[in-house]
Amino acid sequence: MCNIELKLEHIQKSYTRPVLTDVNLSVFNESYIAILGKSGSGKSTLLNILGLVESFDSGEYCFNGVKIRQAKDYAKLRLENIGFIFQAYNLIPTLSCAENILLPTLYSSKKQRDFDELVELLDIKPLLEQKVTTLSGGEKQRVAIARSLILDPGIILADEPTGNLDPYNKEIVFDLLQKENKRGCAVVLITHDWDLGNKAKTTFVLEGGRLIEKK
Amino acid sequence: MKRNRESSFSHAVKMVRRNFKSYMMLSVTIILSFSLLLGYLMFVDSSLFNDYKVLLSCDPNVVLAYSYDQNGYAHNSLSESIDDIDSSASHYMYYTSNTKLMQYDYNISAQLVFIPMGDVPVYQYYLYSTDKDIYQVAKEVELIKGKDAFYLLENEAVVNESFYKTISPQGELPVEIDVPVTWSDESVTWVRLNIVGVCKDDSRNNIPQGAENTMMVTIYLSQEQIGDKNASDLFSLTRLTWAYSEKAEEIDASAKQLGMISHCIKDQQLEAMVVIKAQKATKGIVAIILMVLLGINLYSSFSNALNDRKFEIGVKRAIGASSWDIIRQFLYEGLVVMITNIVLSILVVTNIAIAYKAYQYIVEDVQWVIDISIYSVIIFGVCSIFLTIVFSLLFAYKSTRIEIVKYLKAE
Ligand SMILES: Nc1ncnc2c1ncn2[C@@H]1O[C@H](COP(=O)(O)OP(=O)(O)OP(=O)(O)O)[C@@H](O)[C@H]1O
Ligand SMILES: [Mg+2]
């Protein structure tokens, strides 16, 4: 588990119109942050900026002491520090479940988590050689989570990970996130689900391009 | 369960197989284009080679000069100048004369070729034509039965194959025949000859159209048969000087100066080489045109293949693959696809060539020698390597132009 210390200050981002106007946020290993907000308020945009897959227009973003500059690719930081979980799973359909899970190890020599243990944890053993297109939503999300955890990231960024799941699977995912957080892995979670949001250590609402903390 | 880390090359190979569908059209394009190019090169080379194979297989050092002059002054002078030009040259003179063999049902025209005594190579003209030109070539007469050299004793002779079949259906040797030698005063001397050898038919032994009861015969016999008479007394005498020298062109020129009809293989071969060289330029141009067409095709095919993969690239980048990782994957994929298909196209063309040979063998009774020149191999190699490198690089480069987020936000 690597150390995580993220700091966003006055982040601005606009497309055709401003989406984020002044976002300030700090994330550490023990953080468990939920972000709520209306559709289109810019939650995914913020998470993508946090996850170094999207650039921002102005402000300052410090990732483990590295000052993030625009138009520069931080693939290695992404690879070894961040685990992405998406609402749409984003599994590669031409690869089997096991291949999808192990994909990050193709690019990194970082020590990976024990594969079997991870499979056990997520209860996906019977699915490993199956084509991902034939999986149910809950199964897909568990495979996707296994992929995000394989390199033992310091922070999990989850964009509506339970959006397409039934209450039972929701529970599993939520438990997992909690477990990981207890191990010392930061979690930033986007959700529409107030229940889930309220279980986080810190809850923010993104409104008018700003994060407002909910007490 | 132990899982080894996958190498990036084997990952690329796997992705090619998994994306077989999107590579299908691309593969068809590559195989078709490279087959077309290789097929064209091979066809041109083979047809050139088969056009000129008789000429180019002739010994370039042979000169054959003949004249109809009765007393043979020209040949005597030529003999002297050959010795002047190249003292190590070997040269012989032999005579040919026509006669008729009347004792058969056919109307047989025979050409008698009187060769000097000794182990002398005997040469003969062939007329042979390519699409555009008719060449005279001199080929050594090929013995197929009996003696293995033209060392003829006084009463021995060699005849051509089809005549031999009519005089000796059983196929035994020697066979005795009586042959008339006709003199210029139309008197005839009958000589009895032992047929001790059989040689291949040549173009003169072919029966002319509409003369099916005619047979053209060549009988090689020793000059001793002329006996006490003069060669110049032979009916329809032709003298033939055969020379073998490294300085064939000079001997040829000197024969022509003496008013003789002379054929120098070297000259004709050089002429043929000019034709073959001219084809090289055409081949180069065709190769370039095909390459440009293929290039345009490949560009769009690779773009299509890449379009199908945008999601995959987006995901890989998002989870942390660097653009170099992606470049490398698509570079490998491009290389694998190109090389596989080029190898396939080589197999396709070789198989077609073999099938074509089989067709020729069954239907046309002649078979091409399939030939490809070094030059064509180089053209094909350069095209293959150039296109492989360019498009693999381009493919790899284009793969990094993909925005990560664009393909992830969409559900
Ligand atoms: N690439 C883009 N180009 C232009 N506009 C964009 C782009 N990406 C996002 N937007 C706009 O930015 C705004 C925020 O988008 P974002 O996806 O962050 O919303 P969200 O809060 O995640 O919504 P949801 O809850 O529906 O997922 C939206 O109005 C969207 O239309
Ligand atoms: Mg969103």
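Mentor: Contact here means heavy atoms within 4.5 Å. This is a predicted model, where local features need pLDDT of at least 70, side-chain atom pairs count only at pLDDT 80 or more, and totals for chains, interfaces and linings use all residues. Residues are numbered from 1 along each chain as its sequence is written, chains are lettered from A and ligands numbered from 1 in the order in which they are written, and side-chain values use heavy atoms, with hydrogens and water left out.

Now find the domains. Domain 1 of chain B covers 2–55 + 273–410, and domain 2 covers 90–244. These bounds come from an automatic or database domain assignment. The centres of the two domains are 57 Å apart, taken over C-alpha atoms.

Next, zoom in on B:Thr130. This residue sits in the loop between β4 (123–129) and β5 (134–140) of chain B. Strands are DSSP runs (E, at least two residues), helices are runs of H or I with at least four, and both are numbered from the N terminus. Is B:Thr130 buried or exposed? B:Thr130 counts as buried because its relative accessibility is 9%. The cut-offs are these: buried is under 20% relative accessible area, exposed is over 50%, and partly exposed is in between (1.4 Å probe, protein chains only). Which residues does B:Thr130 touch, leaving aside neighbours within four places in sequence? They are B:Asp51, B:Tyr52 and B:Tyr135. Look also at B:Asn50. It is 80 residues from B:Thr130 in sequence, yet the C-alpha atoms of the pair are 8.9 Å apart.

Of the 411 residues in chain B, 47% are buried. In chain B, 77% of the contacts between residues at least 6 apart in sequence join residues at least 24 apart.

Now set chain A beside it. Chain A has 7 helices and 10 strands. Its radius of gyration is 17 Å, close to the 17 Å from the globule rule for 215 residues, so chain A is as compact as a globular protein of that length. Its C-alpha box is roughly 45 × 35 × 35 Å along the principal axes. Buried residues make up 59% of the 215 residues in chain A.

A:His10 lies in strand β1 (residues 5–14). Its phi is near 50°, a positive value in a residue other than glycine. At 49% relative accessibility, A:His10 counts as partly exposed. A:Asn90 also is not a glycine, and its phi is positive at about 50°. A:Asn90 sits in the loop between β6 (82–85) and α3 (97–102) of chain A. With 1% relative accessibility, A:Asn90 counts as buried.

Conventions
The radius of gyration is taken over C-alpha atoms; the globule rule is 2.2 Å times the number of residues to the power 0.38.
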